[in-house]
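Subject: Structure for you to look at

Hello,

Please find the structure below, followed by notes on what was found in it. Keep it open while you read.

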Amino acid sequence: MVDEDLTVFSFNFAGLPLITKNYRSRLKYLLDLLPKVGADVFCFQEVWSKRAQKKIIACLEDNNFPYHYRVSGFCFNGLLIVSRYPIKKGQFYPIKGYFYDL
């Protein structure tokens with residue numbers, strides 16, 4: 001087994017443009033920040049806009065992060081994973097008692 005560190009960056013974008021304050025400036029800030037973070041895997045929550053998802057993916061692809069996975073499930077959930085390494089499998093697990101059985 002190889003002993004290597006793996007760094008993960010997790011960020012809740014809270015990206016509903018209709019109700020989020022300063023949406024465009026927050027997205028620009030995030031896109032400027034990502035290449036500087038130095039993580040191996042990026043996990044984003046609440047990236048509701050497909051346009052924002054595409055911008056994040058493009059930004060990271062340009063910085064040697066060729067793998068991405070848009071998490072799907074019962075409904076569009078805004079989850080996005082971008083990685084320096086291949087993503088072999090992804091799955092969405094709705095948790096009973098949270099939103100999906102109301």
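Contact means that heavy atoms lie within 4.5 Å. Helices (H or I, at least four residues) and strands (E, at least two) are DSSP runs, numbered from the N terminus. This is a predicted model, where local features need pLDDT of at least 70 and side-chain atom pairs count only at pLDDT 80 or more, while totals for chains, interfaces and linings use all residues. Residues are numbered from 1 along each chain as its sequence is written, and side-chain values use heavy atoms, with hydrogens and water left out.

Helix H1

Helix H1 covers residues 23-37. Its 15 residues, at 1.5 Å a residue, should span 21 Å (the expected span is 1.5 Å times one less than the number of residues). The end C-alpha atoms of H1 are 21 Å apart, which agrees. Tyr 23, Leu 27, Leu 30, Leu 31 and Leu 34 of H1 are buried (under 20% relative accessible area; exposed is over 50% and partly exposed in between, with a 1.4 Å probe and protein chains only). What do the buried residues of H1 pack against? They pack against strand E1 (8-12), E2 and H2. After H1 comes Gly 38, with a positive phi near 80°.

Aromatic rings

A pair of aromatic rings is described by the distance of the centres and the angle of the planes. Rings of Phe, Tyr and Trp (its six-membered ring) pair if their centres lie within 6.5 Å; planes under 30 degrees apart count as stacked, over 60 as edge-to-face and the rest as tilted. There are seven aromatic pairs in the structure. One of them joins Phe 11 and Phe 13, which are tilted, with 6.4 Å from centre to centre and 45° between the planes. Phe 11 is partly exposed because its relative accessibility is 26%, whereas Phe 13 is buried at 0%. Another pair, Phe 42 with Phe 65, is edge-to-face, at 5.2 Å centre to centre and 75° between the planes. Phe 42 lies in strand E2 (residues 41-45) and Phe 65 in the loop between helix H2 (50-61) and strand E3 (67-70), so this pair ties together parts that are 23 residues apart in sequence. Both Phe 42 and Phe 65 are buried.

Ring pairs link Phe 9, Phe 11, Phe 13, Tyr 23, Phe 42, Phe 44 and Phe 65 into a cluster. The charged end of Arg 26 sits over the ring of Phe 13, 5.1 Å from its centre (NZ of Lys or CZ of Arg must be within 6 Å of the ring centre and within 35 degrees of the ring normal).

Phe 42 has a relative accessibility of 0%. Leaving aside neighbours within four places in sequence, the contacts of Phe 42 include Leu 34, Leu 60 and Ile 81.

Phe 44 also lies in E2. Phe 44 counts as buried because its relative accessibility is 1%. Not counting residues up to four places away in sequence, Phe 44 touches, among others, Phe 9, Leu 30, Ile 56 and Val 82. The C-alpha atoms of Phe 44 and Ile 56 are 9.6 Å apart, and the residues are twelve apart in sequence.

Ser 83

Is Ser 83 buried or exposed? Ser 83, in strand E4 (residues 80-83), is buried, with a relative accessible area of 4%. Leaving aside neighbours within four places in sequence, Ser 83 is in contact with Asp 40, Val 41, Phe 65, Pro 66 and Tyr 67. The side chain of Ser 83 also reaches the backbone oxygen of Tyr 85 at 2.7 Å.

Regards

Terms used:
Polar contact = N/O pair within 3.5 Å; in protein donor to acceptor, adjacent residues only side chain to side chain.
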